[in-house]
Amino acid sequence: QSAGWIVEVEANRHVRLVPISGMAATPPGKALQFWTKPVGAAGPTSLGLVRAGQTIEMPVSRLPGIGEQQLFEITLEPENGSPTGRPTGPILYVGRAVNV
């Protein structure tokens, strides 16, 4: 699968999720949920629901931390998001943080 998003983190300011390729519409009754998991964390943290093709920006304070090799992923979840607080649907996009 091709890259679909870039996650940009500007230290002490904001996190931006930017779509970089065309994406199919989200199926009815489903939603895309954005997650992150720092290295060594017990589990992922939800950063909320996102829409295909939409740029999202949030304060960096929403993250449980930030570091090299931190995991970011987007999963397909029920329309109101994961009912468990953990990813329950398939991972559609996944990547790790790198310094650039």
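# Exercises on an all-strand chain

Buried residues account for 33% of the 100 residues in the chain. The model is predicted.

**Exercise 1. Which secondary structure elements does the chain contain, and how compact is it?**

Step 1. Count the elements. The chain has zero helices and seven strands.

Step 2. Read along the sequence. The pattern is β-β-β-β-β-β-β.

Step 3. Compare the radius of gyration with the globule rule. The chain has 13 Å, close to the 13 Å that the rule gives for 100 residues, so it is as compact as a globular protein of that length.

Step 4. Along its principal axes, the C-alpha trace spans about 35 × 30 × 25 Å.

**Exercise 2. What is the strand order in the open sheet of four strands, and which strands are at its edges?**

Step 1. Write down the order. It is β4-β3-β6-β7, and the pairing is antiparallel.

Step 2. Look for strands that pair on one side only. These are β4 and β7 (91-96), the edge strands.

Step 3. Take the twist. From one strand to the next it averages 25°.

Step 4. Zoom in on one pair. β3 and β6 run antiparallel and are joined by eight bridges. Within β6, Glu73 is the bridge partner of Trp35.

**Exercise 3. Is Pro59 buried, partly exposed or exposed?**

Step 1. Locate the residue. Pro59 is in strand β5.

Step 2. Apply the cut-offs. Buried means under 20% relative accessible area, and exposed means over 50%. Pro59 has 43%, so it is partly exposed.

Step 3. List its contacts, leaving aside neighbours within four places in sequence. Pro59 touches Arg13 and His14.

Step 4. Check a distance. Pro59 and Glu73 are 14 residues apart in sequence, and their C-alpha atoms are 18 Å apart in space.

**Exercise 4. What share of the accessible surface belongs to carbon and sulfur atoms?**

Step 1. Start with the total. The accessible surface of the chain comes to about 5900 Å².

Step 2. Read off the share. Carbon and sulfur atoms hold 52% of that surface.

Methods: Residues numbered from 1 in each chain as written. Predicted model: local features only at pLDDT ≥ 70, side-chain atom pairs only at ≥ 80, totals over all residues. Heavy atoms only, no water. Pairing = 2+ DSSP bridges. Helix = DSSP H or I, 4+ residues; strand = E, 2+ residues; numbered from the N terminus. Axes fitted to C-alpha atoms, helices over the stretch in contact; angles between N-to-C directions. Rg over C-alpha atoms; globule rule 2.2 N^0.38 Å. Buried < 20%, exposed > 50% of the residue type's maximum accessible area, 1.4 Å probe, protein only. Areas by Shrake-Rupley, 256 points an atom, 1.4 Å probe, with all protein chains shown as cover. Contact = heavy atoms within 4.5 Å.
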